[in-house]
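Welcome to a short tour of this fold. Please have the viewer open, and we will walk through it together, one region at a time.

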Amino acid sequence: MKTAADRLEAGTVAKLTVAREVPPNGFFLTNGVRDVLLHYSEATEPIKPGDVVDVFLFHDTDDRLAATMKKPLIRLGEIGLLEVADVHPRLGCFLEIGLGRQLLLPASELPDAKELRPRPGDRVYVKLAHDRQGRMLAKPAGEKELAPLAVRAPQTWKNEWVDATVYKPLQMGTFVLCDAGVLGFGVIGMIHEQERTRPLRLGERVNVRVVFVREDGRVNLSMRPLKQVGREEDAERILAFLRERPNGAMPYSDETPADIIMAKFGISKSAFKRALGKLMKDGAIEQRGSWTHLKERQE
């Protein structure tokens, strides 16, 4: 059978009685079995022995269970979107929880690839949990945690641009939670690797276009504009590149491998070919062998 002492856990809110004041440290609070320290700096209003207060429990720098009257952004077992305050190459990310101290998201819970790890200012969906010693730590929230909180996207979202937060960056695709405004917590979506213009890191904010609203209310997304809009933008990018070349020519054409096109211009080969086709139709460029030339430079 659990005792009252067992229920004093870091990450939870407890109703405790002020047992005594111990200057210069603060107040000792009790549940009748176990005492915890409420430091003077953690009291948000005047209290005295005999008062009953609601406090949030955590471990202090000496690994002792302590209390604060400040309100946390997240409690044990809850899902929250927390800002990255700092990053340590070996330890992991430190997240703001609204208490003037940070919560560790361990390096072991982060993507292996460093470029996919959060940066200060990013916001990460996490669940507040315990380590083996009962101390608070954060774990990334995945589909298991987010799906019950997510809402369905309306069909009117198709081709709309929405803001989203990355919660799972993978090679084959990036999973995000799209802002849903008054609809609620968010909409789960995926950006296929071919619809990304660059790798996306955990906790990064990204503006994406809704390509398809699935029957289950989730969405397929793209970082690219509609083809006709994208073709115009890609054509302008290629023209600008050619105009910066000393001879108005580049060693890229329909024959250039897709990986080189992606590395040089950040677009797929099919998008590159569409843009070249538009420019040739407009009489702006011509291809000779494996080279593309700016026609206005040839005249």
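This is a predicted model: local features need pLDDT of at least 70, side-chain atom pairs count only at pLDDT 80 or more; totals for chains, interfaces and linings use all residues.

One pairing is worth a look in detail. Strand E3, residues 35–39, runs parallel to strand E5, residues 65–68, and two bridges join them. Within this pair, Leu 38 has Ala 67 of E5 as its bridge partner. As a reminder, strands of a sheet pair through backbone hydrogen bonds, either parallel or antiparallel.

## The largest pocket

Now for the open spaces. The largest pocket holds about 800 Å³ of space. Strand E14 (205–213) and the helices H2 (227–244), H3 (258–265) and H4 (269–281) are the elements that each give two or more residues to its lining. Of these, H2 provides the largest share, with six residues.

The lining of this pocket comprises 36 residues, and Glu 193, Gln 194, Glu 195, Arg 196 and Arg 224 are the ones nearest the centre. Sorted by class, the lining has 14 nonpolar, 13 charged and nine polar residues.

## The second largest pocket

The second largest pocket has a volume of about 390 Å³. Its lining counts 16 residues, with His 59, Gln 102, Leu 103, Leu 104 and Met 136 nearest the centre. Here the elements that give two or more residues are all strands: E4 (52–59), E8 (102–106) and E10 (136–140).

Which strand gives the largest share of this lining? That is E8, with three residues. By class, eight of the lining residues are nonpolar, five are charged and three are polar.

## Pro 89 in its loop

Our last stop is a loop. Pro 89 sits between strand E6 (79–88) and strand E7 (92–96). Is this proline buried or exposed? Its relative accessibility is 66%, and exposed means over 50%, so Pro 89 counts as exposed.

Note on methods
Residues are numbered from 1 along each chain as its sequence is written. Side-chain values use heavy atoms; hydrogens and water are left out. On a 1 Å grid over the protein atoms alone, a cavity is a set of points where a 1.4 Å probe fits but cannot get out, and a pocket is an open set with protein on both sides within 12 Å along at least five of seven lines; lining residues have an atom within 4 Å of a point. Grid points are joined across faces, edges and corners, and a volume is the space filled by probe spheres set on the points. Helices (H or I, at least four residues) and strands (E, at least two) are DSSP runs, numbered from the N terminus. Ala, Val, Leu, Ile, Met, Phe, Trp, Tyr, Cys and Pro count as nonpolar, Asp, Glu, Lys and Arg as charged, and the others, Gly among them, as polar. Two strands pair if DSSP finds at least two bridges between them. Buried means under 20% relative accessible area, exposed over 50%, partly exposed in between (1.4 Å probe, protein chains only).
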